[in-house]
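Hi,

Here is the structure I promised to send over. Have a look at it first, and then read on for what turned up.

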Amino acid sequence: MGTTSATPHDTGSDVGEDGDGRGGRFGRFGRIVRSPIGWMLTGTVGVGLVSGLTATGPGPVPVLGAAAAVAVYRLVMHRAAGRSTPETARRGPAGRRCSAAE
């Protein structure tokens with residue numbers, strides 16, 4: 001005679017994990033990078049590296065470096081943090097004219 005339990009059991013199929021329970025495709029490293037402190041540090045290093053390499057370049061290099069730094073920021077926020085970046089959008093909150101300035 002079998003008995004059934006109403007208690008939920010951990011099956012090891014958490015979101016972001018493979019069947020082995022190690023935390024997904026990149027394991028512990030992936031979990032660390034996707035944590036708030038992880039993507040903050042990843043973004044800081046990425047944007048700082050791009051900015052540092054292009055800040056003292058000749059001609060339009062600093063402007064292109066600033067655009068590349070924004071692209072790195074958007075990439076980190078999309079891939080590591082898993083969120084959109086409305087603050088860098090061409091249209092929307094960042095692209096609207098302020099009604100107080102009119």
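The side chains of threonine 85 and arginine 74 make a polar contact at 3.3 Å; keep in mind that this is a predicted model. Threonine 85 lies in the segment after α3. Is threonine 85 buried or something else? Its relative accessibility is 9%, so threonine 85 counts as buried, the cut-off being under 20%. Leaving aside residues up to four places away in sequence, threonine 85 touches Tyr73, Arg74 and Met77. Helix α3 covers 61-81.

Now for the other end of the helical part. Which residues of helix α1 are buried? In this helix, residues 27-34, they are Gly27, Gly30 and Val33. These cover an arc of only 115 degrees around the axis, which means they sit on the same side of α1. As for what they pack against, the buried residues of α1 meet α2 and α3.

Ile37, Met40 and Leu41 make a nonpolar patch of about 300 Å². Leucine 41 belongs to helix α2, which spans residues 36-54.

Cheers

Note on methods
Residues are numbered from 1 along each chain as its sequence is written. This is a predicted model: local features need pLDDT of at least 70, side-chain atom pairs count only at pLDDT 80 or more; totals for chains, interfaces and linings use all residues. Side-chain values use heavy atoms; hydrogens and water are left out. Patches are made of residues with over 30% relative accessible area and no salt bridge: like charges are joined within 9 Å, nonpolar side chains (Val, Leu, Ile, Met, Phe, Trp, Tyr) within 5 Å. Accessible areas come from the Shrake-Rupley method with a 1.4 Å probe; for residues, only the protein chains shown count as cover. A salt bridge is a side-chain nitrogen of Lys or Arg within 4 Å of a carboxyl oxygen of Asp or Glu. Helices (H or I, at least four residues) and strands (E, at least two) are DSSP runs, numbered from the N terminus. Buried means under 20% relative accessible area, exposed over 50%, partly exposed in between (1.4 Å probe, protein chains only). The arc is that of the directions from the helix axis to the C-beta atoms. Contact means heavy atoms within 4.5 Å. A polar contact is a pair of N or O atoms within 3.5 Å; within protein, one must be able to donate a hydrogen and the other to accept it, and residues adjacent in sequence count only if both atoms are side-chain atoms.
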